[in-house]
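Please look through the structure shown here together with its sequence, and then follow the report below, which moves from a pair of charged residues to the whole chain.

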Amino acid sequence: MYEDCQESMGDYYSLCATSGAWGIVLESLAAIGIVVTVVLLLAFLFLMRRVQDRCQWNVLPTQFLFLLGVLGLFSLTFAFIIQLNQQTAPIRYFLFGVLFALCFSCLLAHASNLMKLVRGQVSFSWRTILCIAVGVSLLQTIIAVEYVTLIMTRGTMFVGMTPCQLNVDFVVLLVYVLFLMALTFFVSKATFCGPCENWKQHGRLIFVTVLISILIWVVWISMLLTGNARLQRQPHWDDPVICIALVTNAWVFLLLYIIPELCILYRSRQHDCPPQGNAHPLPAYERGFRADHQELSRARDSDGAQEDVALTACGTPLPFQTVDPTQEAFIRWAKVSPQQDAEL
């Protein structure tokens, strides 16, 4: 009866099979992931119009692209729950590597920008960060297009190939993605070195995300190439192993990177909000008193005039303070202590 039901439903049996419930569980997790990702996309669109710090805003378009890649990963799960055929094969072999390459390229672009920020340097522009992410992932797209074109022009797709050969082809197609993972891991580790502590928390999120992703990939590739064959579960476990790795890694992207980044962004926006109620902004001379702890340098121009130059503190520019020359004597007098006043 089980075999008759499986033959009647054909390639779509795993979508609703209760005897092997892995398909139902994974498609449920993927559907929840799609909904959560869409909500996070809307949240990023909402915050992109309200972030004032350019260093934080410059990475938001790349993170938005990253979320689109995660949305594609959750949607790709259904192509692996359906059995391998002439329709699902091109989708699997093309989108799996391209979407993961896009996600890791976005992480690499963000980590590269953080390497400048933790050292107190100026951030890349949002166009540069976005171009790095798209450009780095472009090679995997070219590789996938060539492979899919090759197997489709054969006419007899995968005919005569054993499950082991199919798995080897699938893993070899992802070699560039493995390189991106390793490169992102080392670049994110380099963000730990620098004087600016407030940017290092972003580097730690990328580091942990890539580290967990590497562990997931090591496990599923080992199971796909050798583990399933040793357990005599090949090819029955091949699709579940890949599908579990796909859903798990997509959730890792959300839980360990995107949601913490969104929380940091929201907290920083709340911190930068202007005073409300009866609060009034401080006068210029009081702001000058409270800014005594900030580092200021005096730069002399060719005429010998002095200008107040705000230094950059860990990637966030300090606000310029414009002081009226008529108030300069008053400010200097206000800084005189009572003891000095008594002596005068």
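In this predicted model, R92 and D239 are both buried. These two residues form a salt bridge, in which the closest N and O atoms lie 3.0 Å apart. The pair links distant parts of the chain, since R92 belongs to helix α5 (residues 88-117) and D239 to helix α10 (residues 238-271), with 147 residues separating them.

A search of the whole structure finds two salt bridges, and the table sets them side by side.

| Salt bridge | Distance between the closest N and O atoms |
|---|---|
| R92 with D239 | 3.0 Å |
| E197 with K200 | 3.1 Å |

Among the contacts with a separation of 6 or more, 74% are between residues 24 or more positions apart. The accessible surface comes to about 19,000 Å², and 63% of this belongs to carbon and sulfur atoms.

The mean pLDDT of the protein is 78, with 70% of the residues reaching 70 or more. Over residues 273-313, however, the pLDDT is below 50, although the model gives this stretch 37 contacts beyond near neighbours in sequence. Where pLDDT is low, the predicted coordinates should not be read in detail.

Conventions: Residues are numbered from 1 along each chain as its sequence is written. This is a predicted model: local features need pLDDT of at least 70, side-chain atom pairs count only at pLDDT 80 or more; totals for chains, interfaces and linings use all residues. Side-chain values use heavy atoms; hydrogens and water are left out. Contact means heavy atoms within 4.5 Å. Accessible areas come from the Shrake-Rupley method with a 1.4 Å probe; for residues, only the protein chains shown count as cover. pLDDT is the predictor's confidence in each residue, from 0 to 100. A salt bridge is a side-chain nitrogen of Lys or Arg within 4 Å of a carboxyl oxygen of Asp or Glu. Helices (H or I, at least four residues) and strands (E, at least two) are DSSP runs, numbered from the N terminus. Buried means under 20% relative accessible area, exposed over 50%, partly exposed in between (1.4 Å probe, protein chains only).
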